[in-house]
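Student: Hi! Could you walk me through this structure? I'd like to ask questions as we go.

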Amino acid sequence: MTRPVRDADTLRVIDFGRASALRSQTLWHAVAHGVSSGEPPTLSFVRPAEPYVCLGYHRRLDEVDRAYCAEEGLPIYRRMVGGGPVYLDSGQLFFQICLPARSVSPARTAALRDLLSPALSAYRAAGVEAELDGNMEITVGESKICGHGAGQVEEAVVVCGNLIERFDHERATSILWLPNPTMRAEVLRMMRRFVNATPADPEQFKHAAVAAYADALGLTPEASDLTPLEWAAVEALDEQFTSESWIAGPHGRPRPPVREVKIRAGVWVFAAEHEDARVVASVVGDSVDRAQFRTSTPYDGLSAAEAAMAGVTLSKAPAVLAGFGSTGRRLAAAFAAADGKSL
Amino acid sequence: MTNAHTTGHEILVEVSGYPVAVDRMYHADSHMWVKRLTPGTVRVGLDALGVETSGTLAQLSFVAVGDELARGRAFGQLEAAKFVGPLVSPVSGTVSRTNDAVVTDPGVAEHDPYGEGWLVELTSADETELADLLGTPEAITEWFGRTVEDYRLRGVIAE
């Protein structure tokens, strides 16, 4: 049995083991409330016992295919940290580092870098040659290997990530509401290319993460458990996170006219249309990776237009498509509607 | 401090490379500005350092109109770099209006923080709390310049 700790030089380490889908969220949110109230910085681990879908705080519920989730028995929860809708299951081990807000950089990017960097040592100790790239993604090659998010809960900052031992690309795509099968296939293709599992020993990963975060923060790790107040917070959060109003989310942006899906930082897929011209395209950096066009008016040049767009920067898309007559101009207008701002 | 000038609605000066509107009050810790609109009614927004340290704004959301706020409580949330954090109210009051334009396009708050990028308006703003804010051009520019210098020394923002 572990005991609660309060030493100022202590890094509390709490391994929640396997937890229900709901508790795999509410347990660490309760830790944030505890740290906000004066509990020591805390590194926690949790593995969801069952699959579910989780939305970033601001994301629209209609980004998720709720009919698919209901059919598959996947609950949908909303977290207090950022990022998009994601599919989680027992093939992913989640870690959360939580500190008093006053102890992290006021600059969010710097805070994120400071609190993600120790995780790199953990991946490497587990045999995964991970890097933190310029887009603040933990990667191996061009693949994102860790889904992260961050947030401030009262007076505590928490950064979350995961060791993806297995990743179900099909389900991760299926939980998203997408307007047509072409976009679904393209999202799946890009997800397979840019999001990947790194099978590794989770115990080795956890052990190394504890050492790395303790070292980076100058703290002494000590196995612990939630305090009675934190357990009370868990129960309150269980109620909050299952309430319709919380799952519906805050009053935020109106639904964008173009469906855009971020695969990883700098990689996204969109579906847009203008009059009878329909576009599904994937973008890497600022260049088109693949464009797929449909028009209800027959046009023999569609395949040539698709081929011409590969590798073209978004800013030059109108000029390239202008070479394809009035159809090209309609396709260009569809392209112009996608700006990545909804991501 | 250099280059004081008036834009459409605000009087801006440049302090250590950042624009600062000196026709309003500031809450140092939250990097929020407060501008009186009518007696008892104020407009609130992020200052240029608050924008800079947030990074590229991805999402903004606000509490509902009619909600009563205590000083130091969140009147909304800001997301940048997948990091969600509270927008902290610099004074107590009742939310009377929120800026839909910045919800639809958070970039407005980034590019015009003292003008079109305002966040919320409060009525019944607490006069005692307003008196606690930085309220003279001298105090504002001295605080802002000192904070920029501190942030640069600590590597919080670039030189």
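Predicted model: local features only at pLDDT ≥ 70, side-chain atom pairs only at ≥ 80, totals over all residues.

Student: Okay, what domains is chain A divided into?

Tutor: Chain A has domain 1 (10-165 + 200-248) and domain 2 (259-337). Their centres, taken over C-alpha atoms, are separated by 36 Å. Where they touch, domain 1 of chain A contributes 8 residues and domain 2 of chain A contributes 4 residues.

Student: How many cavities of 30 Å³ or more are there?

Tutor: The search of the whole structure turns up 1 cavity of that size. The largest cavity holds about 650 Å³ of space. It is lined by 39 residues, and the closest to its centre are Arg79(A), Gly84(A), Pro85(A), Val86(A) and Lys144(A).

Student: Which element gives the most to that lining?

Tutor: That would be β13(A), with 5 residues. Other elements that give two or more residues include α1 (23-36) and β6 (92-100) of chain A.

Student: And what kinds of residues line the largest cavity?

Tutor: The lining splits into 19 nonpolar, 12 polar and 8 charged residues. As for its place, domain 1 and domain 2 of chain A both give residues to the lining, so the largest cavity lies between them.

Student: Now pockets. How much space lies in the largest one?

Tutor: About 1,400 Å³. The largest pocket has 50 lining residues, and those nearest its centre are Gln152(A), Glu154(A), Gly85(B), Pro86(B) and Val88(B). Strand β10 (residues 83-88) of chain B provides the largest share of the lining, 5 residues. By class, there are 25 nonpolar, 18 polar and 7 charged residues in it.

Student: What about the second largest pocket, what is in its lining?

Tutor: Its lining has 10 nonpolar, 14 polar and 10 charged residues. The space in the second largest pocket is about 850 Å³. Nearest its centre, among 34 lining residues, are Lys262(A), Leu343(A), Thr56(B), Ala58(B) and Ala81(B).

Student: Where does that second pocket lie relative to domain 1 and domain 2 of chain A?

Tutor: Both domains give residues to the lining, so the second largest pocket lies between them.

Student: Switching topic: which residues of helix α9 of chain A are buried?

Tutor: In α9 (residues 302-309) of chain A, the buried ones are Leu302(A), Ala305(A), Glu306(A) and Met309(A). Looking down the axis of α9(A), they fall within an arc of 100 degrees, so they line one face of the helix.

Student: Why would residues three or four places apart point the same way?

Tutor: An α-helix has 3.6 residues a turn, so residues with that spacing point the same way.

Student: Nice. What is on the other side of α9(A)?

Tutor: Ser303(A) and Ala307(A) are there, and they are exposed. The buried residues of α9(A) pack against β16 (287-295), α10 (317-321) and α11 (325-337) of chain A. After the helix comes Gly311(A), with a positive phi near 85 degrees.

Student: Last one: is Leu130(B) buried or exposed?

Tutor: Leu130(B) counts as buried because its relative accessibility is 3%, and the cut-off for buried is under 20%. Leu130(B) sits in helix α4 (residues 127-132) of chain B.

Student: What is Leu130(B) in contact with, leaving aside neighbours within four places in sequence?

Tutor: Its contacts are Met25(B), Val34(B), Arg36(B), Val42(B), Val91(B) and Ala125(B).

Technical notes. Residues numbered from 1 in each chain as written. Chains lettered and ligands numbered in written order. Heavy atoms only, no water. 1 Å grid on protein atoms, 1.4 Å probe; cavity = no way out; pocket = protein on both sides within 12 Å on 5 of 7 lines; lining within 4 Å. Points joined across faces, edges and corners; volume = space filled by probe spheres on them. Helix = DSSP H or I, 4+ residues; strand = E, 2+ residues; numbered from the N terminus. Nonpolar A, V, L, I, M, F, W, Y, C, P; charged D, E, K, R; others polar. Domains from an automatic or database assignment. Buried < 20%, exposed > 50% of the residue type's maximum accessible area, 1.4 Å probe, protein only. Arc of directions from axis to C-beta. Contact = heavy atoms within 4.5 Å.
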